[in-house]
Amino acid sequence: MNHFTRLLAFLSVFDVTKAQSTCEKAQCKKQLFDFQAIHGSLVKVSDKKFALWTASKTLSLTGSQEERERSCSEDCVKEGKDVCRSAHLESFQSEDTPSTCELFVENVYDHLPSVLSTIRTDSTGWTSFHVLNSFCEDAPCQNIGKCVPDFATNEGVCECTGYSGKFCQDLNPLEEDGSVYFTFDDGQMKNLGRSGDVLTEGTGDGLVMYDIARNTRVLQCNLTNCFDFGDDTSTTCMKKYTMPYCAGGMTLAFWVRLLRGDENRDGFMLLIDQGAGDDNAGIAINVKPDKTEINIYIKLLNNRLKCQFTNIPNDIYRQWFFLSMSFQRTPSTKMVCFMNEDRVEVTTYSATTSNPPTSKFFPGDEGKFMLDDILYIPKFSTDEMISTFYDKTKSN
């Protein structure tokens, strides 16, 4: 059974050469005149050693087991953070046989508990130590969040992916790696996602304006190129169709409203037309007000997946409504679409001989409509993620 013990290593040395001050709450070396004070807080774990790290310093210790443990932990504190954040002590054989103490610069909190178990392995008689951080010690971060310690204050933070909150407890699609999220609340086309700002200022003919129904600023699309979405690096699946097509999957979601007059037009309004002609692959979303129909396509070479919403009450076009598509390539191909809270899932390809769409992301054709809260994620999103984004943005 592993034994965890919190240690306090304290050492005072007089008449020494003045050393650099490296004070933190958990690991401190302080020079005061001719007095050098060293103190630290470490966690001892019995029957464990670090198997994969390279030692920054190696010591040979003698004395009793207790004396060797004390010397190893004190040496870790004395060396400071640039040499030691963790250490281990070889098993005790006899008082005449020295034990090796190895110091490591690595910090155990840099690893998830599941990964740390492959680094700090079982080894009978060995003893491991690590500098204590009270916030991270009990692995507080949920949902594969990474705990980042602040040793200077003995506090820390959780770094989340796909979640937010102090402990990564709240599902949040906007925190997904590579996410692009356009909102227009402050009067500009601003990306608040994690991919960085990928929108070129002044691109397209979109007009940011205030909308009473949403009680915020939105984007009005007037002509063909409302704005250019992303680039080949940060939004590969939206801009550059190379094989395997969208290997990690993709998600696109947004709010849309047709402007007065277009809700009764004949034919269809093309909301999205995005792809690369050389690959005959792309994305298309169109609305047919006269047939109360919405179609969402992903074209893959000579096949396509199609979500279709039919028999939609005509008054839906007189208000804001939500559309989303989530594409999954592996382990099985499927596309899940939402129109408000209505859900359609397709897993069967249908043949298509239609021409591929053009090489840019075109919200809009000759019709006029408004967009708000546009989200792109370079992976398939679960229903729970889409529902969270829908609830988060529907009252804007």
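This is a predicted model: local features need pLDDT of at least 70, side-chain atom pairs count only at pLDDT 80 or more; totals for chains, interfaces and linings use all residues.
Residues are numbered from 1 along each chain as its sequence is written. Local features need pLDDT of at least 70 and side-chain atom pairs count only at pLDDT 80 or more, while totals for chains, interfaces and linings use all residues, and side-chain values use heavy atoms, leaving out hydrogens and water.

**The chain overall**
- You'll find 5 helices and 25 strands in the protein chain (DSSP runs numbered from the N terminus: H or I of at least four residues for helices, E of at least two for strands).
- Of its 396 residues, 51% count as buried, meaning under 20% relative accessible area with a 1.4 Å probe, protein chains only.
- Among contacts (heavy atoms within 4.5 Å) with a separation of 6 or more, 63% link residues 24 or more positions apart.

- Leaving aside residues up to four places away in sequence, I294 touches N286, V287, C307, Q308, F309, I312, Y317, F321, L323 and M339.

**Lining of the largest pocket**
- Helix or strand, what gives the most to this lining? That's α2, with 3 residues.
- By type, the lining residues split into 13 nonpolar, 5 polar and 4 charged (Asp, Glu, Lys and Arg are charged; Ala, Val, Leu, Ile, Met, Phe, Trp, Tyr, Cys and Pro are nonpolar; the others, Gly among them, are polar).

Notes: Buried means under 20% relative accessible area, exposed over 50%, partly exposed in between (1.4 Å probe, protein chains only).
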